[in-house]
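Here is a short tour of a chain and its helices. Have the sequence and the 3D view open side by side while you read.

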Amino acid sequence: MIRTTRKRLLVGLAAAGVLTVGIAAPTVALADDNKPSASTSTDQGGDRQQRHADRQAEFAESLAKELGVPADKVTAALEKLREQRQADRPERPTPPSAQDRQAALKERLDQAVKDGKLTQEQADAVLKAAEAGVFPGPGGPGMDHRGWHGQGGK
């Protein structure tokens, strides 16, 4: 009986050790990967655009060399294709204004009161909080076009 208990204890400790290493090793590796490097910590939108333009120029030069044509012709052809692609894309709809969002919220709250889901006092409190900026919205702190930190409702 004591041997069985010791075996179980040893097996449990071994399993706990394996789990600890299995959890700790990727966590440490991930922590090292997430440290910003000197080049990425200072990158802003302009730097990103410049790097993109540099990569595009490098690509055009490599392609020109491979095809045996002047780099400026390849660059012009790529730019023409990029413009055509832009023209084929549908224009993004403009986001609703703050007043439009406020009006839509008021309509939804009025409907909720009418349906008996909220009292008028609750609807007024929500509307007052929204007007005071309590609720984050598009462009607010921590928000992007997909929701809170890009979670998209998760």
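Which side chain does arginine 82 meet in a salt bridge? The partner is glutamate 79, with N to O at 2.6 Å. A salt bridge here is a side-chain nitrogen of Lys or Arg within 4 Å of a carboxyl oxygen of Asp or Glu.

Before going further, a word on the ground rules. This is a predicted model, in which local features need pLDDT of at least 70 and side-chain atom pairs count only at pLDDT 80 or more, while totals for chains, interfaces and linings use all residues. Residues are numbered from 1 along each chain as its sequence is written, and side-chain values use heavy atoms, with hydrogens and water left out.

**The overall layout**

The chain has six helices and two strands, and along the sequence they run α-α-α-α-α-α-β-β. Helices (H or I, at least four residues) and strands (E, at least two) are DSSP runs, numbered from the N terminus. Of the 154 residues, 8% are buried. For accessibility, buried means under 20% relative accessible area, exposed over 50%, and partly exposed in between, using a 1.4 Å probe and protein chains only. Take the contacts between residues at least 6 apart in sequence: 16% of them join residues at least 24 apart. Contact means heavy atoms within 4.5 Å.

**The salt bridges**

By the rule above, there are two salt bridges. Arginine 82 and glutamate 79 both sit in helix H4 (residues 71–88), three residues apart, or about one turn of the helix. The other bridge joins aspartate 110 to lysine 106, with the closest N and O atoms 3.5 Å apart. That pair is in helix H5, four residues apart and so separated by about one helical turn.

| Residue | Relative accessible area | Class |
|---|---|---|
| Arginine 82 | 32% | partly exposed |
| Glutamate 79 | 34% | partly exposed |
| Aspartate 110 | 35% | partly exposed |
| Lysine 106 | 41% | partly exposed |

**H5 against H6**

Now for the helix pair. How do H5 and H6 cross? The axes of H5 (residues 98–114) and H6 (residues 120–131) come within 9 Å and cross at roughly 165 degrees. Axes are lines fitted to C-alpha atoms, for helices over the stretch in contact, with angles running from 0 to 180 degrees between N-to-C directions. The two helices are therefore roughly antiparallel, a label for angles over 145 degrees. The crossing is right-handed, meaning that the near helix is turned clockwise from the far one by less than a right angle.

On the H5 side, the contact is made by Gln102, Leu105, Lys106, Leu109 and Val113, and on the H6 side by Gln120, Ala123, Val126, Leu127, Ala130 and Glu131. These residues divide into seven nonpolar, two polar and two charged.

Alanine 123 is worth a click. This residue of helix H6 is buried, at 3% relative accessible area. Leaving aside neighbours within four places in sequence, alanine 123 touches Leu109, Val113 and Leu118. Alanine 112 is 11 residues from alanine 123 in sequence, and their C-alpha atoms are 8.1 Å apart.

Methods
Angles under 35 degrees count as roughly parallel, over 145 as roughly antiparallel, 65 to 115 as roughly perpendicular and the rest as oblique. Ala, Val, Leu, Ile, Met, Phe, Trp, Tyr, Cys and Pro count as nonpolar, Asp, Glu, Lys and Arg as charged, and the others, Gly among them, as polar.
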